[in-house]
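Please look over the model below.

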Amino acid sequence: MSDRPSTPPLVQVQGVRTHFPIRSGVLQRTSGAVRAVDGVDLDVHSGETLGLVGESGSGKSTLGRSILKLEPLTAGRVTFDGQDLTEVRGAELRALRRHMQMIF
């Protein structure tokens with residue numbers, strides 16, 4: 001039997017990828033990508049706390065920044081309280097960020 005609430009998750013992360021292009025040459029053409037976050041899925045329900053643990057450079061901060069939409073997603077979807085953050089911009093996004101926090 002699961003202790004998980006039957007309510008929808010407060011934060012839902014589905015297939016999140018955040019890749020950074022590697023540019024080289026005089027014309028700065030993209031020659032590859034650093035896969036900082038590659039295919040993360042997670043749910044956080046109201047009242048739960050999530051802690052990410054890993055080696056330096058493993059993508060913990062990039063994942064947090066991607067969830068808060070401080071870094072653009074390469075792929076995937078993030079919802080907060082049922083609202084798709086990939087569709088939110090400007091003042092509406094700033095208002096939602098008041099309810100989210102990343103602690104280092």
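Which element gives the largest share of the lining of the largest pocket? Helix H1 does, with four residues. The rest of this report puts that helix and that pocket in context. Note that the model is predicted.

**Overall fold**

The chain holds two helices and four strands. Along the sequence their pattern is β-β-α-β-β-α. Of the 104 residues, 25% count as buried. The chain exposes about 7,400 Å². Carbon and sulfur atoms supply 50% of that area. Take the contacts between residues at least 6 apart in sequence: 53% of them join residues at least 24 apart.

**The sheet**

Strands of a sheet pair through backbone hydrogen bonds, either parallel or antiparallel. Here the four strands form an open sheet, and the pairing is antiparallel. Their order is E2-E1-E3-E4. E2 and E4 are the edge strands, each pairing on one side only.

E1 and E3 are joined antiparallel over five bridges. In this pair, Val11 stands opposite Phe80 of E3. E3 also runs antiparallel to E4 (residues 83-84), with two bridges between them. E3 and E4 make a hairpin with two residues between the strands.

**Helix H1 and its packing**

H1 spans 60-67. Its buried residues are Thr62, Leu63, Gly64, Ser66 and Ile67. An α-helix has 3.6 residues a turn, so residues three or four places apart point the same way. The buried residues of H1 pack against E1 (11-24), E2 and E3 (75-80).

**The largest pocket**

How much space lies in the largest pocket? The volume is about 700 Å³. Of its 24 lining residues, the closest to the centre are Val44, Leu50, Gln101, Met102 and Ile103. Strand E2 (29-44) and H1 each supply at least two lining residues. By class, the lining has 13 nonpolar, nine polar and two charged residues.

Most residues other than glycine have a negative phi, and most peptide bonds are trans.

| Residue | Phi | Relative accessible area |
|---|---|---|
| Lys69 | near 65° | 26% |
| Asp81 | near 50° | 59% |

Where does Lys69 sit? Lys69 is in the loop between H1 and E3, just after the helix. Its phi is positive, although the residue is not glycine. Is Lys69 buried, partly exposed or exposed? Lys69 is partly exposed, because its relative accessible area is 26%, between the limits of 20% and 50%.

Asp81 lies in the loop between E3 and E4, in the turn of the hairpin. Asp81 also has a positive phi without being glycine. Asp81 counts as exposed, because its relative accessibility is 59% and the cut-off is over 50%.

Technical notes
Residues are numbered from 1 along each chain as its sequence is written. This is a predicted model: local features need pLDDT of at least 70, side-chain atom pairs count only at pLDDT 80 or more; totals for chains, interfaces and linings use all residues. Side-chain values use heavy atoms; hydrogens and water are left out. On a 1 Å grid over the protein atoms alone, a cavity is a set of points where a 1.4 Å probe fits but cannot get out, and a pocket is an open set with protein on both sides within 12 Å along at least five of seven lines; lining residues have an atom within 4 Å of a point. Grid points are joined across faces, edges and corners, and a volume is the space filled by probe spheres set on the points. Ala, Val, Leu, Ile, Met, Phe, Trp, Tyr, Cys and Pro count as nonpolar, Asp, Glu, Lys and Arg as charged, and the others, Gly among them, as polar. Buried means under 20% relative accessible area, exposed over 50%, partly exposed in between (1.4 Å probe, protein chains only). Contact means heavy atoms within 4.5 Å. Two strands pair if DSSP finds at least two bridges between them. Accessible areas come from the Shrake-Rupley method with a 1.4 Å probe; for residues, only the protein chains shown count as cover.
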